Structures are given as C-alpha cells and as structure tokens.
Amino acid sequence: MSDTQWPLWEVFVQGNPGIPHKHVGSVHATDAEMAIQNARDVYTRRNEGISIWVVPANTITASSPEDQGAFFEPSNDKAYRHPTFYKIPDGVKYI
Amino acid sequence: MDIQQAKFEYLLRLGDSSLIIGHRLSEWCGHGPILEEDIALINIALDFVGNANSLLTYAAQVEGKNRTADDLAYLRNERDYRNLLLTELPNGDYAYTLARQFLYDVYTFYLYEALKNSKDDTIAAIAVKSHKEITYHLRHTTEWIYRLGDGTAESHQRLQTAFNDIWMYVPDLFDMDAVDQLLINEGIAVDLDSIKNSWNKRVNEVILEATLLIPTTAIKQKGSREGKHSEHLGFLLAEMQCIARSYPGARW
C-alpha cells in the first residue's frame, strides 16, 4: 500500500550552541519551509533547543543490518585507536 | 471617564480578543487536517489564552473590584465582552479559519509592535513577549495563505470565499472611540490609524501573491467596542463558560 501522506522529513534539534544536533523524530510536510515550521511546532514545545535541521527522509542513506559484521565488528579490538593514554582537559570537551 | 476606567476597557478589548480567538482555535483540537497542523493550531491557541490571562489579570487589578481573570473570562455575558467581531466568527472549514487568522495576525503584529512603546509598563512588557509569539503566528498563517491560494482550484476557491465572507468585519478592527483617544493622549494606547496602512499593505501583498482577489464589500460591521456582537458569541460563551457556571468555585 503506497503512502499517500505528504513527504517525510527527519528532524534534528540542537540543544545548545556548539553541541551536535540530535535526531528527535520526523514530520510530514509539503516543502522545506513547512517542514521547519512543523518541526518547530511538534518538537520544540518545551524549550528543547535553539536550532532545527530538517532533511527529506528519502535523501538519507543508511547502512543496512547485514553490513554490521563487515562495517563495525573490526573496530572492536583495536585498542591502539583509542586515546586512552592521556587525559583530555575538562574545558576541551565541547570546543 | 477617568484613566483607570479607560484602561480597564482597553485591556478588555485586547484580552477578550485573545481569549475568544484562542477558544475558537482550541475547537480544532483533535480535528486538525493533519497531526502537525493540529499541534500548530493548539500551540497558537495556547499562546492566545496565555496572553488573555496576562491581560485579563491586569484588567481585574486595574478595575479594583476584587474580580479575578477567571471571573472576567467565565462569568460575563455577551454585552460585556469587548473582543473584535472577527475573533468570534465560527471556524468553518480550514480556509475560513486561516483567512480569519491571517487578517488578525497582521493586525496584532503591528498593534503589539506599537504597544511595546506603551507608557504603561505592564502593557509594554506583555507586548514584548506576545510580539515574539505573534511573529511566528503570522509566518505560519502567511505560508498557508500562499499554499492554499496558489494551490488547487478547490483550495483557491475556498480561500477566496472565506476572505469575501469575512471582509465586512475589517472596519471593526480599526474602530476607535473616546477610550482610545484618552489613552492615546496618555501614550498608553495605540492610534489604530497609524497601523492601518501597514495592515493594508501587508494584507494586499500576501493576498495578491497567493493569486487571490482583494474582496470589496459595502457592508461595514462594527460595534465590538460597545459590546454589540454577532449571533455567534452567545453560543461560543455557552460552551466556554458552561463548566465554570455549572460548578461555581470548582477547583481542578
């Protein structure tokens, strides 16, 4: 059964300046301006953040579950890739 | 009439308009055309009711007869309300609701922008906060006017019909009387003539851009300043007030 709804957009909200936008959900909208407004109305009612990104869902490319083995397991046992041998100063965290 | 009495009247005009249109929009709750728009409308409704609460709380204080904002909202009769006629019109279809909302949003955009300069500090503070909300309301309704006007043949026709039908209530927006004059002289109220041009310009721009025609009508409905309302207000108040009147003094 085909989806007769308006195009789907994924919504990302940034809580504070400098930190990454977080995926919070999706909205249906006819175009970019309405997507931004719909996202603002649905996902920022409780002062969740200061910036919104909306992305048409069909422009997002996602890895598939079958890829997990080849994509992600090899990084499980490569300790030399982790910066564990020095301490990161506190103030650097959100630079 | 002294300044306090005039201020009370003026605050009722502002507060009642917000209350009544907030109530009309709340009638869409659960019935919006799509989920996102349902939420958008109730957000806007809540903005208006919050604004009404601030204004009517201040009005009760200015009146000085120990009434509360709730007393004003739920225990007055039609003739005591001062909301603009436009705000009490029934929701109709979505085009009708948006046409009404757009004309009111342009009006409050310029009105509250000017009210930020009121010599009454409370009114100015309320205006600063409300104007941010109104800026968003106007952006939202404007985009809908464009999409419905410059949309399908059906949406275009419904929106044109809506504007044609409600145009007769525009003169009531800019009506002024002795209350306005007294408060304008005190620097408290806004001279509505000064925002009329901005209102006309913005409304015309958007309507034409939406490929619609600017309506004309010889009928000029007025009277809200004296509490003379359309046949719709009574029914609205019956619904809005019935719980408060059935259970006097009830608490949640």
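## Where chains A and B meet

Helix 1 of chain A passes helix 2 of chain B in a left-handed crossing (the near helix is turned anticlockwise from the far one by less than a right angle; clockwise would be right-handed). This is a predicted model, so to speak of local features takes a pLDDT of at least 70, and side-chain atom pairs count only at pLDDT 80 or more, while totals for chains, interfaces and linings use all residues. Residues are numbered from 1 along each chain as its sequence is written, and chains are lettered from A and ligands numbered from 1 in the order in which they are written. Helices (H or I, at least four residues) and strands (E, at least two) are DSSP runs, numbered from the N terminus.

Back to that crossing. The axes of helix 1 (residues 32-43) of chain A and helix 2 (residues 35-63) of chain B come within 9 Å and cross at roughly 65° (axes are lines fitted to C-alpha atoms, for helices over the stretch in contact, with angles from 0 to 180 degrees between N-to-C directions). Chain A brings Asn38(A), Asp41(A) and Val42(A) to the contact, and chain B answers with Glu36(B), Ile39(B), Ala40(B) and Asn43(B); being in contact takes C-beta atoms, placed from the backbone, that lie within 7 Å.

Taking the two chains as a whole, 8 residues of chain B touch 11 residues of chain A. On the chain B side, helix 2 and helix 6 (121-149) are the elements giving two or more residues. The largest share, 4 residues, comes from helix 2 of chain B. By class, the chain B side splits into 3 nonpolar, 2 polar and 3 charged residues.

## The sheet in chain A

Chain A has an open sheet of 3 strands in the order 2-1-3, with antiparallel pairing (strands pair if DSSP finds at least two bridges between them). Strand 2 and strand 3 of chain A stand at the edges with a single partner strand each, so one side of each has no neighbour in the sheet. From one strand to the next, the twist averages 25°.

Strand 1 (residues 8-14) of chain A is joined to strand 2 (residues 21-28) of chain A by 7 bridges, and to strand 3 (residues 51-56) of chain A by 6 bridges. Phe12(A) is a handy landmark: opposite it in strand 2 of chain A stands His23(A), and in strand 3 of chain A its bridge partner is Trp53(A). Val13(A), for its part, has Ile52(A) as its bridge partner in strand 3 of chain A.

Helix 1 of chain A lies across strand 1, strand 2 and strand 3 of chain A, running at about 125° to strand 3.

## Inside chain B

Helix 5 (residues 94-115) and helix 6 of chain B pack with axes 8 Å apart, at an angle of about 145°. Their crossing is left-handed. The contact has 15 nonpolar, 8 polar and 2 charged residues.

Helix 9 (residues 178-185) of chain B has Val179(B), Asp180(B) and Leu183(B) as its buried residues. They cover an arc of only 95° around the axis, which puts them on the same side of helix 9 of chain B; the arc is that of the directions from the helix axis to the C-beta atoms. Burial is a count of other C-beta atoms, placed from the backbone, within 10 Å of a residue's own: 20 or more is buried, 12 or fewer is exposed, and in between is partly exposed. The cover over the buried residues includes helix 1 (3-26) of chain B. Facing away from the buried side are the exposed residues Ala178(B) and Asn185(B).

Asp165(B) is found in helix 7 (residues 153-166) of chain B. Asp165(B) is partly exposed, with 16 other C-beta atoms within 10 Å. Asp165(B) and Tyr96(B) are 69 residues apart in sequence but 8.8 Å apart in space, C-alpha to C-alpha.

## Positive phi

| Residue | Phi |
|---|---|
| Gly18(A) | near 95° |
| Asn47(A) | near 60° |
| Gly187(B) | near 75° |
| Thr211(B) | near 60° |

Gly18(A) belongs to the hairpin of strand 1 and strand 2 of chain A, with 6 residues between the strands. Gly187(B) follows helix 9 of chain B. Asn47(A) lies in the loop between helix 1 and strand 3 of chain A, and is exposed, with 7 other C-beta atoms within 10 Å. Thr211(B) sits in the loop between helix 10 (193-209) and helix 11 (232-246) of chain B. With 13 C-beta neighbours inside 10 Å, Thr211(B) is partly exposed.

Methods
Nonpolar A, V, L, I, M, F, W, Y, C, P; charged D, E, K, R; others polar.
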